[in-house]
Every structure is written in structure tokens, then in C-alpha cells.
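This report describes selected features of the structure shown below.

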Amino acid sequence: MSDTTTNNNSNSSVTTPVTPLVLEDENRGVSDEAIEASLDGLKHNTLKTSYTVLNTNNPHIDVNTQWIHNKLKEKEPEYTEKKNMSIFLGTWNVNGKKPSEPLDLWLKDPQMTIQPDIYAIGFQELDLTAEALLLGDTTRSLPWEQHILSSLQGDYVKLLSRQLVGILLCVYVKREHKPHITNAMSDIAAVGIMGMMGNKGGVAIRFSFYNTTICIINSHLNAHLDNVLRRNQDMRDIAKNIKFITDDGKTINIYEHDQLFWIGDLNYRIPLPDQEVKDRIKKKDFYNLFLQDQLYTQMKSGSAFEGFQEPPISFAPTYKYDAGTDEYDSSEKKRTPAWCDRVLWKTAKTAENVGILSYRRHELMTSDHRPVSASFIIKIKIVIPEAKSRVYQDIVKELDKKENDSMPDASISSNMVDFEEIKFMTPVTRQIVIENIGQVIARFQFIPKLDETSLCKPWLKISPIAGMMIPKEKIMLELTIYVDNLTSQAFNVNGESMDDILILHLENGKDYFISISGVFQKTCFGNTLENLVRYPHPIRNNIPIPSDQKKLSIPKELWRIVDYIYYNGLKEEGLFIESGVTKEMELIRDCLDSGEPFTNITFSIHSMAETLIRFLESLVEPVIPFNMYQQALDASSSPVSCKTLVSHLPAVNYNVFFYLISFLIEALSHNQENKLSPDQLAIIFSTVFLRPSPLSPQSQYPPEAAIVKKRADLILHFLISKDLL
Amino acid sequence: MSFPYEYIFKYIIIGDMGVGKSCLLHQFTENKFVPDSPHTIGVEFGTRIVDVNNKKIKLQIWDTAGQERFRAVTRSYYRGAAGALLVYDITRRITYNHLTTWLTDARNLTNPNTVIMLIGNKKDLEGQRDVTYEEASAFAKQNGLIFVESSAKTGENVEEAFLRTAKLIFQSVQEGNVDLIPDGGITKSNATNTNNTPNLGQEKKSDCAC
Ligand SMILES: Nc1nc2c(ncn2[C@@H]2O[C@H](COP(=O)(O)OP(=O)(O)O)[C@@H](O)[C@H]2O)c(=O)[nH]1
Ligand SMILES: [Mg+2]
């Protein structure tokens, strides 16, 4: 496992990226190691989180990873295959003896029909010398190990062995399985003299067989009939002290394995009179004898080996014999026979229990103990990497889908809003409806296009520009086009078409483009004198004549207005003073733009008079252009200066000025009827003849009285001294 | 590794309308072919976590509208893309002819390390083929693009297109060619920067709040 991971890492750093080989690799999907690595990482992270909360301030992410991990575990059956494997566990207290007889009776039991896939052989009292105890000398184990290996029938290799003084544990596996065994490691725990010497204690070996973890403990617990509690304590101490540290630094204990086996000389006795025990043995009444067995009673009361199981015993106690004979202890001590040598197991809740094949004793006579063995069938989980990778991919995909689904989504009633005809100063509103069709709250806002600061063109208004919708909620958006003096130039003069694209952005979601279009009805309002004189025909559906052709001397629309008033209203009382009617003025404007005669519509003379003022007011630049505004103010006190100023006006402006002043003088000649005074007219017309540029600071505030007077004076000079023009 | 992904790469999918950009996105993120999905009018996106060299990378894919009239607007989405998938339709030469324009946009509006991949889509419609593999392949070579033909319908080479691009971007990152800044389209996941959502709108939020 560790090797594989390292290989992968080094691979990645030298990868050439675009070879087909690599691509194929990707097709196969994510490697098992990668999954493990990321999941391992997860566990670490969980640990870290609890220590350094500051570092991980996004619980959402951890939840995601945890979710993937749990799902993967949940779906384990989808990518694992189960295979039956057999394990043989043997234990023998050899009482310090050297190998002297063949082990076939023990290891090659003729009744065993299959060759075990794994052998785990444990010895106790292999070495009773002081050297072993005090110096940790383990040379005595060698002859035994050789003896075992030569007795195994078939192609076995040693996986690992570990010794603690006289306690030795060796694990052998069929050669074919070796590559599938990973993370093999061992540990020891001494609980002997003073609770730490190795004359009593346990050794453990753990490993992963494919994806099933197995741990085997061989122990020699304290002896003597009365030491039951001591043995219980020994067991717990061994269990607690044995720890394995994996390559990635994780510490695991014996219980963190799918299958845990505990073998050895556990030294539990049968607290009955010697004779009674022997009688029952003779009668093969093992059942009733077993009910008195200390290990059985301790386990039953939950005092030791909690959760462990033992196959049913149907053999005579294996201790204590006169070595080399079939006779139980005939010495003075007359030790009562006991089942000292045992095999127990414990299967993790998440794993499948083992199947018992056999539990027996074997008639080897070298020692005062008989060897014991148990064989089991274990269900080994074999992860199919392709399948796991597929399941993993599916899980990640599911997560992605969830994430994609949890993005806000909205539908929009129209991506294209056509306003059709738009007239000057006439607002038109269209509505679009957006609906939250996603599963989460949707926040939306209009955003500007790249390198722009405003959301839309100046003639368009959006309301609202941002908002929020709960799922299924609808919101109506109003889009209003309104073209005024300031914005009409683009269409009237520059010939721009009326369109725009709005970006409606969903927070954490997609963007919608909304196309806006309309056709602006060209008008003489919001226009320039310069442009208007290039329209000999009605402005609405015509284009200007080329600039090198003969232009009109004044805009014809101006002429039409003035001409009408001249013939129909010059004597009207209140002319230019009374207000017109908005609706009528719209009709008049329409006639001016379309070329229709005024005879088709009805309106009061005041509407026409106000139209004149509004027309002049709407000019992009007034009759006296912006760049002459200050000069004009300065000249206003002197009629001569005013005359000079006017003579410098551009040709069209001069014409218009001349034409209008002449007209106003004519109007004043009827002041008997219309009651107009030069001062009134000067004030009214000066405000539209003469105004500061909308971009200038002066235009930000209403003009001071002195300025108003100066402006009026300029016009007044011309109205009262006819020869000034 | 503390996150399910260590990097975020931003991708854009560009190309004429109807070449299958949205279908490619759906095929990649959902393994689905949605034949009659409405035209994209705007920008959609999807995400998927992928593995590159045992690193988890979150791809954040922006699918843009291909209509000519949106061209000016979609340009704003190029910024910060680590990868650009330039798609044409092998059955419609006109979409192939427009590649140069798209490529110019992509080159001008992304940074020099942006990986651009050319994708000839609708590979399943072999009978209607209008652009040969060889021709497109030569074009790709000339312009230094990686090239693959795919089918958003069958799913063929869809995975490859996205992953190959990711792999090249990742290589760039490892070689240190690319700064790990959000605007480079590549974000390294860490505790302080876990904002994995598109930020175009958020960037601009301040602009329009006034
Ligand atoms: N046969 C075939 N049709 C496709 C494929 N990809 C997309 N289409 C179709 O092409 C049309 C346009 O696809 P869409 O993804 O909306 O294109 P987009 O405008 O580039 O986003 C749809 O009708 C799809 O069903 C493909 O690989 N094979
Ligand atoms: Mg689309």
C-alpha cells in the first residue's frame, strides 16, 4: 500500500501530460489509491478541525467530503467481491523444548481437506533461558521456524514473525497471496514479572488481506489456578498496549480489524478436584467439564475477552502431561488437567462472521502441553478497483448534480423586448416577468457590460434593478424608454439605432441577456439647427441631404410654426404668455415631423405658440451657441457689442435669429390687441435663445437675477431698436 | 487535503450558435444529452469535480451565447478563464470558417497561459461531415491548439476534451507558469478562499449599487 502510493506520487511529478497513454489512464478513472488517499486525508482533516478551528472555517466543504466517504462505504457491496479464504491458527506451549518430532500431526492434519491460505502458529515457553528473558535473545526460535516451514505442505512463504521471550508468533501465507497482503506489522506487550517482563505477555501481527484486515494475538497469561483475575487483567493489558502505527501515522488498536484472533496458553483452569476432572475426561464428559472452565465462566460473566467467541471444545484438556507420554501430570504437584491452550476470535460488527472448520488438539508429545489448532473460513473482501472507481465517480457526479441543482435558476418571460415605435418625450413601458424556477432563493441584479459603468443606455430605465425571489415566486420588471432633449440627439442627429442588451445576473447562477429594441420616430425636436436645414422634406421618414448640397436657410418646421402664428394669432391676447395644451402640442409636433398640414387637427393658438418656445428649448444647442454664451452675457449692456456678437453667429443661427426677431417685432406692432410688451417677450425668448451648456457648472443652478436680466437685455436691444439687425 | 477539491479552474465554451456548446456542458456535467434545450441567451454554468494526477479539481464551466449580436457582451466572460473550449460543428463549414474570429477574441481577452482547445462537435453525424478531421487538425496545429472531435450526443470524447484541458492547465500550474489568483481562472482551495461561485456579478456589484 505504502509502496503504491509513493509510486503514484513520483509518477505524477514526471508525467508528460498529453500522451494518449495518460488519457487512457484517465478513462479508467480515479485510482483506488487516490480515493483512499483522499479519504485518509479526510480523516486527518477531521482531526485537524477539532484542534485548529480557525484553519477550517468552511464546514460545508467538510460535510461534502464526509458525505462522499459515507456514500462510498454504504455502496461497498457494489464494488467488492467476497472470496472464501481459510486460516489455520495453531498454539503450543513447548515448555522450553527443542523440536524433536515431526509436526505433521499438528500442521498437516489428514482430516483437513483444504490447504489453509494462512497459517498463524503461536508458541509459548519456547525459550525459558535467562538470556531470552533478560537479553531478548531470540535465537532459539530459529530451529522452530525452520521446522514449521519444512512441515508445511505446499508453497508457503513467511509473512512475518515476532517474538517476546518465549512467545513466538509466525504467519505464513500461500505464495500466490503474498502480493495481496499489505500493511503487515507486529507489536508486543509484556505483562510478566512486575507487569512488564516478557515471560508473560502477548505478541501480535496484523495485516490486510485484500481489503479485509486481520489481527492475530498470541499470548501467554499468568499461571496458577487462583490467578483468574490476574489473567483477565493480563488480557486487558495486552489488548490495550498493542498498537500499530500505519505508514501515514495513524494508530490502530487490535479491535480496529475485521477479524481478530486470540490464541495461546491462556492458562485458565478447571476449579474441580483433580480426580473428578480426570473421571469426566475418561467419560468424555467434556460438556459438563467445560461449564466449569474458568475461561468459559469469565467470558460468560463478561469479565474477560468480551465479545470473543470460541469454537465448541470436543477434546480433552491439553495440560498437563508427563512429557513423552499420554499420562496427565504424575508429579508431586499433581496439577489438575486444564484447557490452557485456546483459540478465540472476534469479528467486527461491520464484517461477516467466520465459519468454523475445526477445533482440535494434536497428539505431539514433546511438551507437557498438547498443541491445539482451529481452522476458520473468512470472507475476504476484494475491492474491484474499476467498480470502486465507477461508484466513486457516480457519487461525485451525484454531488456535482446536487450542487448544480442547488444553483439558482430562473425563467424569463422574454429575452427580447421590442418597443416598436418610440416618440420624443413619450414614455413607453414594457414588462417582463422573471420566475424563480430553481430550488433555492434567487437573487438577481442587472449588471453592466464589460468596461461600462451603467446598466443600460441613458434613454432606458429598469425597475427594479435588483431583487430576490423565493422558489416559484415571480417578479415583474418594468422597462421604460423615454427619449428627452438630452438623449434624442443620438437618434435625431447621429442616426443611431435604438437597441441595447441588458445582463440580468443571478447570484451564483447564470446570466440572462435581454435584447431591447425600438424604432425612434425622428423629430425636429431635440435636434440641431445645422441638421434640420438639411431636411427639405419631412424629417420623419427622410434622410438629410448631403452636406455639399444647398441647405434651407432656416428649418422649415420653424417657418411653419411662425407662419401659422403670423396668419392666425398675432393679435391674440396672451400670446406666448398662456399655456398650450400638451395633447395638442403632440399633434402639432407630429404634423411638423410627418409633413401633414395643420388643417387636419384642431388646437388653440396658444398650443402653437408654446410649441415654438418648446422647439427652441429642445434644440441641442440654442440659437446663440454654448461657446458664445459668456460673450453674449458680457455684450448685453451694449447694443453695439450685441450687434457684433450676432453678426458672428453661424449662418443658420444668424438666419434663425434674424427671422425670429423680425417676427417678434411684428408681434409687438400688434400690442394694442395682444397686449405684449418688449420686456415680456425679451424675458420669454431670451431663456431659449441663450442658455449655458448642460455640462457647464452654470447650468446646475437656476440663473441669478442679474444673469436673467443680462440675457433679456440682449434680446431687448434688438426688439426696441429696429436698425440693430 | 482538506477539501474535496484543491483547485478551481474556470472554463469558457465559445463558438457559433448551434454547434453544441450547451449540449457538451450538459453531457459533461450530467451525462445527459438534452437535444431540444432552448438556445442559450446569456451565460449558463455548471460545475464538476474531476481528478487530475490524483488532485481533485473543480471545473467551473461557463457556456456562453453564440449569437453574433451578443458577441460584445459575451466578451466580458472571457476574462479569467483558465481554459477555453472553442467549438465548431463538423457538419457546418460556416461554423468552422468563423473559428479565426473566435480565436482572435479568445487570444485577446484571455491571458497567454489560457489553454485553448479546439473541438469539432457532432462527430456522430459522419454522413453529413463538412469539415475533415485532417483539415481541422492542421488548423489546430498551425494555431497551437489541442484538438479533438467529439459528440455531445453519444458522449464520445466529451470527457477527454474537458480532462485534457484540465491536465494542461494543471501542468501549467505545476510548472509555475500560472499565478494562483482568482482572476487567472485558477483558484487554489484553501481556508481563506473558498468562494467557488462565479464572481463576475459580484465584482461588478459595487459598480451598480451607486
Ligand atoms: N447529432 C448531434 N447533435 C448535436 C450534438 N450536439 C448538439 N447537437 C444538437 O445541436 C443543436 C444545438 O445544440 P446546442 O448545445 O444548443 O448548441 P449551442 O448553441 O452551441 O449551445 C441541438 O439541436 C442539439 O440537439 C452532437 O454531438 N450530435
Ligand atoms: Mg447554447
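## Burial and the magnesium site

A residue is termed buried at under 20% relative accessible area, exposed at over 50% and partly exposed in between, with a 1.4 Å probe and protein chains only. The model is predicted: local features need pLDDT of at least 70, side-chain atom pairs count only at pLDDT 80 or more, and totals for chains, interfaces and linings use all residues. Residues are numbered from 1 along each chain as its sequence is written, chains are lettered from A and ligands numbered from 1 in the order in which they are written, and side-chain values use heavy atoms, with hydrogens and water left out.

The magnesium ion (ligand 2) is coordinated at 2.2 Å by OG of S22(B) and OG1 of T40(B). S22(B) lies in helix α1 (residues 21-30) of chain B, whereas T40(B), 18 residues apart from it, lies in the loop between α1 and β2 (42-52) of chain B. Both S22(B) and T40(B) are buried. Donors are N, O and S atoms within 2.8 Å of the metal (3.2 Å for Na, K and Ca); water is not among the atoms, so sites may look incomplete.

## Chain A overall

Chain A contains 24 helices and 22 strands. Helices (H or I, at least four residues) and strands (E, at least two) are DSSP runs, numbered from the N terminus. Of the 725 residues in chain A, 51% are buried.

Contact means heavy atoms within 4.5 Å. Among contacts in chain A between residues at least 6 apart in sequence, 71% join residues at least 24 apart.

## Two open sheets

Strands pair if DSSP finds at least two bridges between them. One open sheet of chain A has five strands in the order β5-β6-β7-β10-β11, with mixed pairing. Its edges are β5 (181-190) and β11 (341-347) of chain A; each has a single partner strand, so one side of each is left without a neighbour in the sheet. Eight bridges join β5(A) to β6 (residues 201-209) of chain A in the antiparallel sense, and I188(A) stands opposite V203(A) in β6(A).

Another open sheet of chain A has four strands, ordered β14-β16-β20-β18, with antiparallel pairing. Its edge strands are β14 (410-412) and β18 (460-463) of chain A. β14(A) and β16 (residues 428-436) of chain A are joined by three bridges; S411(A) has E435(A) in β16(A) as its bridge partner.
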